[in-house]
Amino acid sequence: MQELLAQLWTPELQAALTVVLVVLVILYVLSVIWVVRDAYLRGSYWYVWAIVALVPFIGVIAYCLLRPPLLQIDKDEQELEIALKQRELMKYGECASCGYPVESDYVICPNCHSRLKNLCSTCNHALDPTWTVCPYCAQPVGGASSRSRRSASSDRTHQPHQAATPRSR
Ligand SMILES: [Zn+2]
Ligand SMILES: [Zn+2]
C-alpha cells in the first residue's frame, strides 16, 4: 500500500493536486467575499452571514437558500415609489364623501357626484370652498357676504366702549 502510494505520488500528480487545492482555496475566499458583499447590499446582517460563509461551501449554499430576497437598492426604490404615489394622492386629493381620487381642478366627484368646488360666477374657474374671493378675476364669492358681516360684528365687540361694559360676556 505504501509503495503503491509512493508510485502514484508522482510530481505530476502533486502539481495537479496543488492546482486543484489553490483553485478551491480561491473559490472559497471568493465565495466568502461574495456572501459578505451580497448580504451587505441586501441590507442584512452581513457579519452573521460572514461567519456562516466561513464554513467551506456549505455556508455559501446555506446563504443562497436563506438570503433575503430584495437588494437594498431595490428596497429603497420601492419605498421611493410608494412615497411618490402617496405624494401624488396628496396633490390630487380624495373626494370627501366617497374617497375617490380627484384632481385639484375637479368641480364634482366623478364617482358619487358630490360637489367638490364652487365655480366662479364670472370666469368659471374652480374655487376652493373656503375662498371668499376668486383669485382669477377678483370677484367676491357667494359666501363672502355672510363672512364679512360676521367679521364686522366681531370688529364691533373690539370697540373700546363695548370692551368697557362687561354685559356682553
Ligand atoms: Zn365622491
Ligand atoms: Zn373668477
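This is a predicted model: local features need pLDDT of at least 70, side-chain atom pairs count only at pLDDT 80 or more; totals for chains, interfaces and linings use all residues.
**View 1. Helix H2 meets helix H4.** Let's start with the helices: H2 spans residues 11–41 and H4 spans residues 58–66, and their axes come within 10 Å, crossing at roughly 25°. Because of that angle, H2 counts as roughly parallel to H4. The crossing of H2 past H4 is left-handed. On the H2 side, look for Ser31, Trp34, Val35, Asp38 and Ala39, which touch Val60, Tyr63 and Cys64 of H4. Sorted by class, this contact of H2 with H4 has six nonpolar residues, one polar and one charged.

**View 2. Four cysteines hold the zinc ion (ligand 1)**. The SG atoms of Cys95, Cys98, Cys109 and Cys112 coordinate the zinc ion (ligand 1) at 2.2 to 2.3 Å. Angles among these four donor atoms run from 106 to 114°, and the site is tetrahedral. If you follow the sequence, the donor residues are spaced C-x2-C-x10-C-x2-C. Cys95 and Cys109 are 14 residues apart and link distant parts of the chain, each sitting in the loop between helix H5 (72–92) and strand S1 (118–119).

**View 3. Four cysteines around the zinc ion (ligand 2)**. Here the coordinating atoms are the SG atoms of Cys120, Cys123, Cys134 and Cys137, at 2.2 to 2.3 Å from the zinc ion (ligand 2). The four donor atoms subtend angles of 106 to 117°, so the arrangement is tetrahedral.

Key:
Residues are numbered from 1 along each chain as its sequence is written. Chains are lettered from A and ligands numbered from 1 in the order in which they are written. Side-chain values use heavy atoms; hydrogens and water are left out. Axes are lines fitted to C-alpha atoms, for helices over the stretch in contact, and angles run from 0 to 180 degrees between N-to-C directions. Helices (H or I, at least four residues) and strands (E, at least two) are DSSP runs, numbered from the N terminus. Angles under 35 degrees count as roughly parallel, over 145 as roughly antiparallel, 65 to 115 as roughly perpendicular and the rest as oblique. A crossing is left-handed if the near helix is turned anticlockwise from the far one by less than a right angle, and right-handed if clockwise. Contact means heavy atoms within 4.5 Å. Ala, Val, Leu, Ile, Met, Phe, Trp, Tyr, Cys and Pro count as nonpolar, Asp, Glu, Lys and Arg as charged, and the others, Gly among them, as polar. Donors are N, O and S atoms within 2.8 Å of the metal (3.2 Å for Na, K and Ca); water is not among the atoms, so sites may look incomplete. Four donors count as tetrahedral if all angles lie between 85 and 135 degrees; four count as square planar and six as octahedral if opposite donors are over 155 degrees apart and all others between 65 and 115; anything else is irregular.
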